[in-house]
Amino acid sequence: MLVKSVTLPVVQPPIYGYQFFAFPLCIVLQDKRSLPWLYSNFIQVCFDKRPDPPVPFTFYIHDYTLNPWLHVEQLQRGTMGIVNRNIVDFVRDCLLEGYYVYLNVDEFYIPERAVYQKSHFSHDVLVHGVDLQNETFQLLGFTDKQMLATTSASFQDFALAYDSIAQIDHQAVCNRIYLYKVKDAGAYEFDLALVQETLEEYLKSSNTSRRFRMVANPWDHCAYGLDTYPCLQDYYERLLAGKASLDVRHVHSLWEHKNLMVARIKYMEEHTDYLTSPNQLRAAYGEIERKARNTRNLMLKFYMQQEEATLHKIMRYLDELAEAEALAIEEFLSVLKRHQPQLL
């Protein structure tokens, strides 16, 4: 029987402020066996101190596509010309073979996007479905309602969105096309030693990228861990002085990190015996997550009302968060050290 449509499944990921994290996670987290890998990672954060970086503040992980449940193939846009493939046919065939397709498109041509038919804007999308009868693709990405959701685009619009990238954006990242496919045989055991070591690096603001110096030079242009708080403060001071543009992603990423830390503690409590008396730690990080969420909400308020007092309140919250988190991580490490002191 001729296949008329294919929809590859996705789930809502815990990290979605940056889609390059969200897309692999929304695939692998369908399998609950991936949770030990998730909670062993995504502890460290980094702030890029260079002028106008594309990703100023987020989680640090060496390669966001590397995990035991994801087969990854990377192409360049130019490869499509070498193999003489039409992008619509190529993406269609990938989906029919079970591959998700991650690439950049010009969202001027993508319906239900904030810039649709208004302005040209290069953004990444995950294509995870195709309807051959109606000639549409299903694209996961941020909609005009500021939600990570799936919308449809016709084959014709998708082709225009793909071709238009060459005219509006020449960043190397936009030249990449990733193919993702689920690996059913993945396996990963929760890594207590990694959690402890990365918590130490967060607390001491150590450069975690030095772990991977055999394959890449360390990111010495970044601040790490607790040292990211002064960088965030500096950003808001510059925003107050009119020397920086508004970026709501900073505090959203801050909240995502605290939210994931709470989920990590809950997971360790329920699935390991490493947290024998987690009540105090869970309560401390729960309060940190609540304040980080309030900080994110304040930034949205500032976006709408532009009141300087809101920024001052955000900065006070950041001071309180930095102090509270330092104490919470010290307690976290103390609890883990009592369980397995030989790992520290």
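Modeller: Start with Arg33, which forms a salt bridge with Asp31. Their closest N and O atoms are 2.6 Å apart. A salt bridge here is a side-chain nitrogen of Lys or Arg within 4 Å of a carboxyl oxygen of Asp or Glu. This is a predicted model, so local features need pLDDT of at least 70 and side-chain atom pairs pLDDT 80 or more, while totals for chains, interfaces and linings use all residues. Residues are numbered from 1 along each chain as its sequence is written, and side-chain values use heavy atoms, without hydrogens or water.

How covered is this pair? Arg33 is partly exposed, at 41% relative accessible area. Asp31 is also partly exposed, at 22%. The scale is this: buried means under 20% relative accessible area, exposed means over 50%, and partly exposed lies in between (1.4 Å probe, protein chains only).

The whole structure holds 18 salt bridges. Another of them links Asp89 to Arg92, with closest N and O atoms 3.3 Å apart. Both residues belong to helix 4, residues 87–96. They are three residues apart, about one turn of the helix. Helices (H or I, at least four residues) and strands (E, at least two) are DSSP runs, numbered from the N terminus. Asp89 is partly exposed at 28%, and Arg92 is partly exposed at 25%.

The side chains of Glu289 and Arg293 meet in a salt bridge at 3.0 Å, N to O. Glu289 is buried, at 10% relative accessibility. Arg293 is partly exposed, at 31%. Elsewhere, salt bridges with shared partners join Arg85, Asp89, Arg92 and Asp93 into one network.

Stay with helix 9. It covers residues 279–305, 27 residues in total. At 1.5 Å a residue it should span 39 Å, and its end C-alpha atoms are 39 Å apart, which agrees. The expected span is 1.5 Å times one less than the number of residues. After the helix comes Gln306, with a positive phi near 60°.

An open sheet of three strands runs in the order 3-2-10, with antiparallel pairing. Strand 3 (57–59) and strand 10 (222–224) are at the edges with a single partner strand each, so one side of each lacks a neighbour in the sheet. Neighbouring strands here are turned by 25° against each other on average, direction ignored. Strands count as paired if DSSP finds at least two bridges between them. Strand 2 (residues 45–48) is joined to strand 10 by three bridges, and the two run antiparallel. Asp48 stands opposite Cys222 in strand 10. Helix 7 (residues 228–240) packs on this sheet and touches strand 2, strand 3 and strand 10. Its direction makes about 40° with that of strand 2. Contact means heavy atoms within 4.5 Å. Axes are lines fitted to C-alpha atoms, for helices over the stretch in contact, with angles from 0 to 180 degrees between N-to-C directions.

Strand 7 (residues 136–142) is mostly covered, with seven of its seven residues buried. Five bridges join it to strand 6 (residues 122–131), running antiparallel. Leu126 faces Leu140 across that pairing. Four residues separate strand 6 and strand 7 in a hairpin, and Glu135 in the turn has a positive phi of about 55°. On to strand 8 (residues 148–154), which strand 7 meets through seven bridges, again antiparallel. Gln138 stands opposite Ser152 in strand 8. The hairpin of strand 7 and strand 8 has five residues between the strands, and Gln146 takes a positive phi near 60°.

The protein has 10 helices and 10 strands. Of its 344 residues, 51% count as buried. The C-alpha trace spans about 60 × 50 × 35 Å along its principal axes.
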